[in-house]
Amino acid sequence: QVQLVESGGGSVQAGGSLRLSCTASGQNRGSACMGWFRQTPGKAREGVAALYTAGIAAWHADSVKDRFTISHDNAKRTLYLQMNSLKPEDSAMYYCAADIPPSNCNKQSWSSKPYNHWGQGTQVTVSS
C-alpha cells in the first residue's frame, strides 16, 4: 500500500509563490504516473499537472502553464508543484495522486485517467 501526504499549502497574495510537496511512503517503489489535481466546492476536480517518474515527460494544464512546474525527486519519493504568479482563481484544495503501476501516462490521458492512490489534500488560498 502507498500513502501520499501533501504539504506546503497556505495563504498568499496574488502574484506570490508556493511550493507543494507530496511524499510517498509504503513498500511500492516502482515507477508511477503522479499528478496534482485541484478542486473547489461545487466544481469538478481539475487536473493541474502530471509526470512519469521514470522518464522526463511532464504535462501542465493550459490554465497553469508557464506559472506552475511539476517535478519529482525519486530519491526522496517526493512530488513537487512550484506555483508562481498565483491568482485568486488558483485557490482550491490541491491533491496529489499516483497511479502505480502506471498506465496511459501521456499527454492525452494524464488528466482524465484513473489514479489508484490519493492524498488528503492541502489548501491553497490566494487573495487579491
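Is strand 5 (residues 46-52) mostly covered or mostly uncovered, and how many of its residues are buried? In this predicted model, five of the seven residues of strand 5 are buried, leaving the strand mostly covered.

Strand 5 is paired with two other strands. Strand 4 (residues 33-39) and strand 5 run antiparallel and are joined by six bridges. Within this pairing, G35 is positioned opposite A50 of strand 5. The hairpin formed by strand 4 and strand 5 has six residues between the strands, and G42 adopts a positive phi near 85° in this hairpin. Strand 6 (residues 58-60) likewise runs antiparallel to strand 5, to which three bridges connect it. A50 has W59 as its bridge partner in strand 6; A50 also faces G35. The link from strand 5 to strand 6 is a hairpin of five residues.

A further site examined was Q82, a residue of strand 8 (residues 78-83). Q82 is classed as partly exposed because its relative accessibility is 27%, a value that falls between the limits of 20% for buried and 50% for exposed residues. When residues up to four places away in sequence are not counted, Q82 touches S17, L18 and R19, together with R67, F68 and T69. A polar contact of 2.9 Å links the side chain of Q82 to the side chain of N84.

Terms used. Residues are numbered from 1 along each chain as its sequence is written. This is a predicted model: local features need pLDDT of at least 70, side-chain atom pairs count only at pLDDT 80 or more; totals for chains, interfaces and linings use all residues. Side-chain values use heavy atoms; hydrogens and water are left out. Helices (H or I, at least four residues) and strands (E, at least two) are DSSP runs, numbered from the N terminus. Buried means under 20% relative accessible area, exposed over 50%, partly exposed in between (1.4 Å probe, protein chains only). Contact means heavy atoms within 4.5 Å. A polar contact is a pair of N or O atoms within 3.5 Å; within protein, one must be able to donate a hydrogen and the other to accept it, and residues adjacent in sequence count only if both atoms are side-chain atoms. Two strands pair if DSSP finds at least two bridges between them.
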